[in-house]
Amino acid sequence: MSRTDILMTAPMNQVVIDALDKAFTLHRLWEQNDKEAFLKEFGPRIRGVATSTLFGRVDATLLDRLPNAEIVSSFGVGYDNVDAEEAARRNIVVTNTPGVLDDEVADLTLGLLLATLRKIPQADRYLRDGKWLKASFPLSATLRDRKVGIVGLGRIGKAIAKRLSGFDVSIAYHGRTQQDDVAYAYYPTVTGLAEACDVLIVITPGGAATKHLINAEVLKALGSNGVLINVARGTVVDEQALIEALKSGTILSAGLDVYEDEPRVPQELIDLEHVVLLPHIASASVHTRNAMGKLVADNLISWFDGKGPLTPVAETPYKGKAG
């Protein structure tokens, strides 16, 4: 009996590779010297795709070469690397990896917030540079008595809010709609939330709908004591507007895990001493990345076992029998 052909677009977690190698015939696109020739020959045989938010894009151009594709399994909660609407038009299911990384991202978010407010990386450098021998490290800002706004109160947003509740801070949120089952104050606009808060945590999906949602107007509303934390997608923040706001003192500081053109981070941000910059590591623990990888594989295995996708995205809800 022939095995189902799966295409992996770029190197992924070894958990994914091992599971897919065992269950399917796995084709590694990144290993092909002539990708166009490979896709012309093997594209019609491909029925499933494994891809990552960090490498490449699954769009009409690629899907045209995969006429028999049924499912795209994407690594990550965000899936702006996949044109899900185009996939839906072709009756291709798209899946992501929600749930398994919520706690890890929420933990990192609190760490990044505290590191930004208390200048933990700067204090570490201060000690290592021998400056403590000459003078105490300057006093920092604080989380005390702050009002925290969360942009995007989904699963991860709620996990962040749960952790914040232990710090005895005020919490509010903005989203597309108000949620009746949460007690936090709701603001129908991001600008309104920024005006009411002095910490803004961004954890909304990326994509065209949220591009530059955090702009110069929002940063001005956040104010000179304000702190921006972005653990969503780099495209959600107008990076140049943020740089200007940080340089001019329009806001106090920022903690960033994501950027508009990763892994290229603007030198202007790197040169700013009062920001904390991380290399997109919110879910990057061995435990969580393995769980994410397993879910990528499990979605494909479940689909081709005829059991349907485990975690289909909103644009491609599962409506029929798989396989």
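**View 1. The salt bridge between Arg233 and Asp80.** In this predicted model, Arg233 forms a salt bridge with Asp80 (a side-chain nitrogen of Lys or Arg within 4 Å of a carboxyl oxygen of Asp or Glu), and the closest N and O atoms are 3.1 Å apart. Across the interface of domain 1 and domain 2 the rule finds 1 salt bridge. Residues are numbered from 1 along each chain as its sequence is written, and side-chain values use heavy atoms, with hydrogens and water left out. Local features need pLDDT of at least 70 and side-chain atom pairs count only at pLDDT 80 or more, whereas totals for chains, interfaces and linings use all residues.

**View 2. The two domains and their interface.** The domain assignment, automatic or from a database, gives domain 1 (5-96 + 287-305) and domain 2 (101-277), whose C-alpha centres lie 33 Å apart. In contact (heavy atoms within 4.5 Å) are 6 residues of domain 1 and 6 residues of domain 2. Between them the domains bury about 570 Å² (accessible area, 1.4 Å probe, lost on being put together and summed over both), with 60% of it on carbon and sulfur atoms. Val77, Asp80 and Thr288 supply 68% of the area that domain 1 buries against domain 2, more than any other three residues.

View 3. Helix 10 (residues 239-248; a DSSP run of H or I, at least four residues) has as its buried residues (under 20% relative accessible area, 1.4 Å probe, protein chains only) Glu239, Ala241, Leu242, Ile243, Ala245 and Leu246. Among the elements that cover these buried residues are helix 9 (216-222) and helix 11 (267-270). Just after helix 10, Gly249 takes a positive phi of about 80°.

Definitions and conventions: Buried area is the accessible area (1.4 Å probe) that two parts lose on being put together, summed over both. Buried means under 20% relative accessible area, exposed over 50%, partly exposed in between (1.4 Å probe, protein chains only). Helices (H or I, at least four residues) and strands (E, at least two) are DSSP runs, numbered from the N terminus.
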